[in-house]
Amino acid sequence: MSAPGWVICQYCDALYRARALAPAQLARCASCRAVLGRGGRLDAGRLLALTVAAGIVFVIANASPVITLSAHGQFNHATLLQAVAAMLRGSDAAIGVMVGVTLFVVPLLQIALLAWVLAFARLRRRAPAFVPAMRVLQLIHPWSMTEVLLLGVLVAIVKLSASLSVITGAGTYAIVALTLLITLIAKRDTAALWELGGR
Amino acid sequence: MKVARARDFGLIGCRTCGLANVAAAGSCRRCGTPLAARKPASIGRTWALLLAALLLYIPANVLPVMYTSSLGTGSSSTILGGVVDFWHAGSWGIALVIFVASVAVPTVKFLVIGTLLVSSQRCSSWARLQRTQLYRAIEFIGYWSMLDVIVVALVCSLVQFQFIGTAEPRVGIVFFGLAVVLTMLAAMSFDPRLIWDAPAARRMGEG
Ligand SMILES: [Zn+2]
Ligand SMILES: [Zn+2]
């Protein structure tokens, strides 16, 4: 049994009557000021386009070197996956797991699951396995760290350019674009997707 | 203004989809998630995770996080040592960023979660709004502490030159990364609704 017409704050358990919100209107909890809901429709088509773009940029960001170093005629470059693989093989497996999960596995899952759910939402339908997909998206959300990678790349460039010459390339810019796109899609409020269809 | 609490009306907000459910239902009507009025054993779990994180944070700061060798001479650096190196090299901005991410944010997280735990255990009604806002803030900033782990991973996979120099991670960074993961888990296991519970509600609930 559910209680339709009620909204409950996740942070303080405050109970409110559900109200229709105007587009761009924000409902805030009166006692703890958490955001309870946003007005306006979720534009699944636009969000899906951004998700597909994120998927393409994700491939570029992982296929091309993040940073290339040169020193006395020697060149060294690392893609994200090479860095992770090298750590997993060596004695630094724990770091490899942390970096691999937060920078590769989680963003990939976010893009894939969002694309799956949104592709059906665009047709006003619930995707097969909608509930597990939404549950996984919620579970992995705090562990997505592409924006930290962007800052990490900047720090590494400053650190290394003191003694070596640092070359940036497509992979570097792809991380900038991926950070923007992931912020646009994965940090968005997808609560409206639950309104689709029945169970 | 007096705000009604869902628990007093026998309602539970689903933690997965947010739907208001009748508490007696057992699982959410819309998504099937089992319903719990509060996260189970929230305070005990959060204390355990917080203390474990604090314990790991000590070797994370004492032990070296990276070893660099160039032209036959090698040196190890700790987290704070790395900040000092950037500062001396004139990169004050980067020194500040790493200091905030690796030292300030974890310290603030330890203090905030500790304060939230103690005040919730006492069912304190002090600064409930501000405590909830602090909780949301640490939820939001916590993961930036992984910065140093990512920098060490990048630098060590790049600096692999014969003769010129190499960089290798050291065990301190593993302790540091695990400490950050544990503080994130601690923040997730804390139930911010406990901040708002009155003592009577706590006795009837799970505590
Ligand atoms: Zn609230
Ligand atoms: Zn639900």
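A crossing of two helices is called left-handed if the near helix is turned anticlockwise from the far one by less than a right angle, and right-handed if clockwise. By that rule, H3(B) passes H6(B) in a left-handed crossing, helices being DSSP runs of H or I with at least four residues, numbered from the N terminus. This is a predicted model, in which local features need pLDDT of at least 70, side-chain atom pairs count only at pLDDT 80 or more, and totals for chains, interfaces and linings use all residues. Residues are numbered from 1 along each chain as its sequence is written, chains are lettered from A and ligands numbered from 1 in the order in which they are written, and side-chain values use heavy atoms, with hydrogens and water left out.

In chain B, H3 (residues 92-121) and H6 (residues 171-189) have axes that come within 11 Å and cross at roughly 35°; axes are lines fitted to C-alpha atoms, for helices over the stretch in contact, with angles from 0 to 180 degrees between N-to-C directions. Residues in contact (heavy atoms within 4.5 Å) include B:Phe110 of H3(B) and B:Phe176 of H6(B). H3(B) also packs with H4(B) (residues 128-141), at about 145° and with the axes 10 Å apart, and this crossing is left-handed too.

Over in chain A, the zinc ion (ligand 1) is held by the SG atoms of A:Cys9, A:Cys12, A:Cys29 and A:Cys32, at 2.3 to 2.4 Å. Donors here are N, O and S atoms within 2.8 Å of the metal (3.2 Å for Na, K and Ca). Along the chain, the zinc donors follow the spacing C-x2-C-x16-C-x2-C.

Technical notes. Helices (H or I, at least four residues) and strands (E, at least two) are DSSP runs, numbered from the N terminus.
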